Every structure is written in C-alpha cells, then in structure tokens.
Amino acid sequence: MKSIQLNIQDAVYFAEKQFEANKDQATEAITKLAEGTGAGSDFIGWVNLPKEVPAELVARIEKTAERLRENCEYVVCIGIGGSYLGAKAVITALSDSFADYYAPAPKSPKVVYAGQNIGEEYTAELQKLLEGKKFGIIVISKSGTTTEPAIAFRILKDQLEKQAGKEAAKDLIVAITDANKGALRAMSDKEGYETYVIPDNVGGRFSVLTPVGLLPIAVAGHDIKKLLAGAADMLTATEHPGPDNIAETYARVRNALYNNGKKIELLVNYNPKLHYFAEWWKQLYGESEGKEGKGIFPASVDNTTDLHSMGQWIQEGERTIFETVLSVKKPAVSVRVPENAENLDGINYLAGKNIDEVNKMAELGTKIAHVEGGVPNIRIELDKLDEYTLGALIYFFEKACGISGYILGVNPFNQPGVEAYKKNMFALLEKPGYEKETEAIKAKL
Ligand code: PA5
C-alpha cells in the first residue's frame, strides 16, 4: 500500500530459514481470519469492520462530537486499556505537541483522560482542572464493570451534576458499552444518556475503529471518515496471502526472529507524536500473544530521546531484541537550523538543514549501528502523519497481530491472564461475592 511501506531486508537475514518455514502457517492464518475458523473467532468482528461501519453511525458520531465540541471546554475520556489507548494514540499523533498548554478555544475542547489509573493525586488534580469549567464525559467500558473507569465516572459524574445540574449533565455524558450487559449499560439506560454500542465480536484492544475510538477522535477535531478509509484500503491490501501482503510479511518476519532467539520487539519512533501509538501497539501485541508461556515481549522507545537512556542496552545488551521502526517520510512543517557567525556551539555544519534531515541521519546511523550490533531492523515507512495513514497503520498492525498470533499457535483474542490480579484486588477490597478469596488471600499475608 502506497502510504505505508514495509522493509524487512535488515531483519530477514537473521532468520531466513524460519521465515521460509512459516509461509504456509501464515497462509492458513489468513484463511482462518477470513473464514472465522481459528481460535477465538467469536472476536474477529474487527477483520471487516473498516468496510462495515454504517454511514449513519459515522454521521451520528460526528453529530455527538459536534455537540460536545460546542458545549465543552474539556471532554474527559474515561476508559482503560483497549477502551482508551487507541483514541489517545490517534489524538496524540494528530495533535499539536503543546495542545495541552493552550487554553481551550470555542469548538476545540481539550480531551483529557481518566479511569486509566487509580492515582489519587491524578484524580484530585483532574477535579481541580475541571472546577468551574464546562466539561463533558465520554465513558467507555465494554464490560461496563471495570473498576478504574467506574471509580472515575462516579467521581466526575458527581462533579458534573453539581456544576451543570443533573438535567444538563445528561446531555454532556455519552456512554460507550455493551448493548445489553454491565453496570454502565444499566446506568445509562436509567439515566437516559446517549449511548453507543461496542460490537460483541470486537475485543477491547481491537476496538479503536468502533465508537470507542471514533467518538473521542472526532471530538478532538479529526476526520474519522479518512481514518476509516485508510483502514479500509489496508483491509483490501492485506486480504489475500502472498508476498505483497505487508501484514503477512511483518507477522512472518517477527515470528521468524522470535524462533531464532529474538524474544523482545522494540517499536521505535523518531517522532514523539507516536509515543501513545506504541502504547496502543504494546497492548495489542502483549495481550494477544503473551500467553501459554509464549510470545514476543512488546516494548518501545521514543528516539532520539531514548538513545540517550536505552541506547547502550540496545547496542550491547543481551542479543534478544529486534526493532520495528516507524519512520515518517515527511514532516508537516519546516524548521531549519540557522547559521551562527560565532559558531560557539560548533553546529554550523548543520546550518541550513531541516531538523528532519538531522533526524533521518540519526535514524539511519542508528539502524546501521544496531544491525551491526546484532539487532535486526524492520522498517515501516509512513508517508505522513494524517488520519488516512494512521487508519491504515492501525489496521495493518491489527491484521498482522491476528496472523502472528495464529502462527504462534495461541488464541490471539482472549486475555485470561488479566483476571488474576483483579481477583486478588477484589478479594483484598472485600468485594461482595469474593468472601472465599478474601479469606484465602488474607491467610497469605
Ligand atoms: O483489551 C482488553 O480487553 C482490555 O484491555 C480492556 O480493553 C480493558 O480491560 C478495559 O475493559 P472494559 O472496556 O471492559 O472496561
């Protein structure tokens, strides 16, 4: 696909045999995803989603976004994991890096986040920020029962009702949840909030192209039709197996590297706007593949920043890593290094160059050094950072993740391991229904 190019030449050399060996498994994986015959196939609604989002749904999302944009200085997006990372990834990638430092302007509310942690200071400081402000809430939870967003929603709903009045608050709250199940569904129906449904067959980490991601992204002022168009074009480009299917190629090369001892994948960016894209990606791959004692550990760095902290380890630490670099071809703006007559800082050799030319040389120099140091390098080049390209990139990673999980031999669409900490936390908090677990865990303390 034109807007995204994959280059594996500096990676595949390390695992040629393994790469050849997984070809048939990849073909089989693509067939399973298309036909719904693989493990976890109840959760592959995301496969055709970009082409199936009804135009009326997109129009309703845009209308809701417009209402929130008109009436709010701040919109709090409440959710955790798959219920916030996709929106935050896209919004951060497309927003001015200093957007948070500007005052909210009419029809351009600030999107802030809650329910993604249980930090008391974070909550108190958010309450303070919202004091006396016109704000709205988008509360997102597929299960409708997740503790972190439930706490945040209870607190912020109270604050909103106090500040705006109970009736007005109803129009400023939008819930995105299951069609029938969960406390959030019951509460929304009772209170009369506008709601959107997260399809049953789309898991949290695959839900960014449902209202879960689309509404907050639209509230932030970005074009969700273009996002979906990019995803739909990537769907077409990755539908069939073969050497031109870049999702298949990426899945195969990372699996080949894994089978030849590379157990950690670093998603590397050279643009800080992509920081949260990596957070989204880590959840996608970590929750999908990390099970049954298997799975590449997904990690990330923001370069060149992290070359000054993690660079040493990457260059010379244990040789169990490979890198997947997200490289944006062209920045949207131009800033040049100026000439300086005195040249006291010694950087006149850079005068007249764009900042990005320096960045690209840092990227190239790093790649050569890391590859020579035993770190295979996969490169994903993006034409630019816009809605269309990000939509395509999201779908590319989702599709590759499904293929990769099946090649690995796991069910990429469940997350049984996430429940273990919750059970202990509920037992420790003496949640009704957990009496036995409470007794058992207290005996261990
Ligand atoms: O991918 C997942 O399933 C999880 O990370 C969930 O998205 C996360 O736990 C939030 O769950 P929920 O949307 O049910 O509140």
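Is Arg205 buried or exposed? Arg205 is buried, at a relative accessible area of 4% (buried means under 20%, exposed over 50%, partly exposed in between, using a 1.4 Å probe and protein chains only). Keep in mind that this is a predicted model, where local features need pLDDT of at least 70, side-chain atom pairs count only at pLDDT 80 or more, and totals for chains, interfaces and linings use all residues. Residues are numbered from 1 along each chain as its sequence is written, and side-chain values use heavy atoms, leaving out hydrogens and water.

**Around Arg205**
- You'll find Arg205 in the loop between β6 (194-197) and α11 (211-219); helices (H or I, at least four residues) and strands (E, at least two) are DSSP runs, numbered from the N terminus.

- Five strands make an open, mixed sheet, ordered β1-β10-β9-β7-β8; strands pair if DSSP finds at least two bridges between them.
- β1 (4-7) and β8 (297-302) are the edge strands, each with a single partner, so one side of each has no neighbour in the sheet.
- β1 and β10 (residues 377-382) run antiparallel, joined by four bridges.
- Asn7 has Arg379 as its bridge partner in β10.
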